[in-house]
Every structure is written in C-alpha cells, then in structure tokens.
Amino acid sequence: MAALHERLVQLRKAAGLSQQELARRLQLTRSAISMYETGQREPGLETLEAMADLFQVDMNTLTGHGSAPLPGLSAKDQRDIAHQLDSLLGQLAGGEGALMFDGEPLDDETRQLLRQSLQSQLEMTKRLAKQKYTPKKYRKE
C-alpha cells in the first residue's frame, strides 16, 4: 500500500482539490500540505483525523496501515467448516444442561445466532491460517 504522502496526493487529486484549497479546508498553510505530500513532514494526529474526515476514509486507509485482504475459501474449506460446525454443535447439544442459558433451553433464534457466530469464527480462523501458512510461491496476490 502507498505511503502516507503518496496516498495524500492521490486522495487530494481524486477530490479535485488544489494544495491551496486543501490547506484552507484544514486550516493549514499550503506549505504544510506541500511538506506532507513530499514526505518532508508528518501531520499530527488531529490533522490526520481531519484529513480522514474530509476525504471520507478511515485512518488505516489514509496512513496505509490497512491489512492485506484475507484469502478466499475453497469449496473444500466450506465443507470442512460445515463438518466442524456440525461436530461442535453436536457436542454442545449432547449431555445434561447443554445449550441452556439460566437453566432454560435455547430457543431456535438463539440457537441460529450461535450457529452463525461459530460459523463466522471458523471461517475467519481458516482464512487467517491460510494467510499465515500458505507458502509465498503458492499465494495468489
């Protein structure tokens, strides 16, 4: 991802603003904007927040600290997750007092929410594992 000074130039030009106009909107000098864009100076936190608000981006996008997108899941990964999910829910449903809250059995809506939450966590875990353990030569980037 681009460095802050490169990203600032991109965002300013995409918004159709001159350095002078950006400086006016942020209540800065044009020379300050010029120094930010050339990398000679880094803006402070308040200025970064004002820039993010002005360009309608989050701070990670503005500063280039966003994380890389996680890899997708194959059909096999989806089947594995479905199998793990069924196994987990089967273990939770078995035995006395399983899947209860305050002594009451879980209703269908709560059970479905639990299922969705577990599925989401299993998918995220699988994606993170693929990102971490797939050798670079096999990654599709």
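This is a predicted model: local features need pLDDT of at least 70, side-chain atom pairs count only at pLDDT 80 or more; totals for chains, interfaces and linings use all residues.
## Overall fold

The protein chain holds seven helices and two strands. Along the sequence, these elements follow the pattern α-α-α-α-α-α-β-β-α. The chain has 141 residues, and 23% of them count as buried. Take the contacts between residues at least 6 apart in sequence: 59% of them join residues at least 24 apart.

## Helix H2 against helix H3

Two packed helices are described by the angle between their axes and the distance between the axes. Helix H2 spans residues 19-26, and helix H3 spans residues 30-38. They pack at an angle of about 110 degrees. Their axes are 8 Å apart. The range from 65 to 115 degrees counts as roughly perpendicular, and H2 and H3 are therefore roughly perpendicular to each other. Their crossing is right-handed.

Which residues make this contact? From H2 come Gln19, Gln20, Leu22, Ala23 and Leu26. From H3 come Arg30, Ile33, Ser34 and Glu37. By class, the residues of the contact of H2 with H3 are four nonpolar, three polar and two charged.

## The loop between H2 and H3, and the end of H3

Gln27 sits in the loop between H2 and H3. Its phi is positive, about 60 degrees, although Gln27 is not a glycine. Is Gln27 buried or exposed? Exposed means over 50% relative accessible area. Gln27 has 74% relative accessibility, so it counts as exposed.

At the other end, H3 is followed by Gly39. Gly39 also has a positive phi, near 80 degrees.

## The buried side of H3

Ala32, Ile33, Tyr36 and Glu37 are the buried residues of H3. Around the axis they cover an arc of only 135 degrees, so they lie on the same side of H3. What do these buried residues pack against? Their partners are helix H1 (4-14), H2 and helix H4 (45-55).

Two of these residues return from the contact with H2: Ile33 and Glu37 are part of that contact and are also buried.

## Helix H1 against helix H4

H1 and H4 pack at an angle of about 35 degrees. Their axes are 11 Å apart. The crossing of H1 and H4 is left-handed. H1 contributes Leu4, Leu8, Leu11 and Arg12 to the contact. H4 contributes Leu48, Met51 and Phe55. The residues of the contact of H1 with H4 divide into six nonpolar, no polar and one charged.

| Helix pair | Angle between axes | Distance between axes |
|---|---|---|
| H2 and H3 | about 110 degrees | 8 Å |
| H1 and H4 | about 35 degrees | 11 Å |

## Thr47 in H4

Thr47 is placed in helix H4. Buried means under 20% relative accessible area. Thr47 has a relative accessible area of 16%, so it is buried. What does Thr47 touch, leaving aside neighbours within four places in sequence? Thr47 is in contact with Leu28 and Tyr36. Tyr36 is itself one of the buried residues of H3.

## From H4 to H5

Gln56 lies in the loop between H4 and H5. Gln56 has a relative accessible area of 73%, so it is exposed.

Helix H5 covers residues 59-63, and Thr61 is in it. Thr61 has 24% relative accessibility and so counts as partly exposed. How many residues separate Thr61 and Leu4 in sequence? The separation is 57 residues, while in space they are 9.1 Å apart, C-alpha to C-alpha. Leu4 is also one of the H1 residues in the contact with H4.

## Asp77 in H6

Asp77 belongs to helix H6, which spans residues 75-93. Is Asp77 buried or exposed? Its relative accessibility is 9%, so Asp77 counts as buried.

Conventions
Residues are numbered from 1 along each chain as its sequence is written. Side-chain values use heavy atoms; hydrogens and water are left out. Axes are lines fitted to C-alpha atoms, for helices over the stretch in contact, and angles run from 0 to 180 degrees between N-to-C directions. Helices (H or I, at least four residues) and strands (E, at least two) are DSSP runs, numbered from the N terminus. Angles under 35 degrees count as roughly parallel, over 145 as roughly antiparallel, 65 to 115 as roughly perpendicular and the rest as oblique. A crossing is left-handed if the near helix is turned anticlockwise from the far one by less than a right angle, and right-handed if clockwise. Contact means heavy atoms within 4.5 Å. Ala, Val, Leu, Ile, Met, Phe, Trp, Tyr, Cys and Pro count as nonpolar, Asp, Glu, Lys and Arg as charged, and the others, Gly among them, as polar. Buried means under 20% relative accessible area, exposed over 50%, partly exposed in between (1.4 Å probe, protein chains only). The arc is that of the directions from the helix axis to the C-beta atoms.
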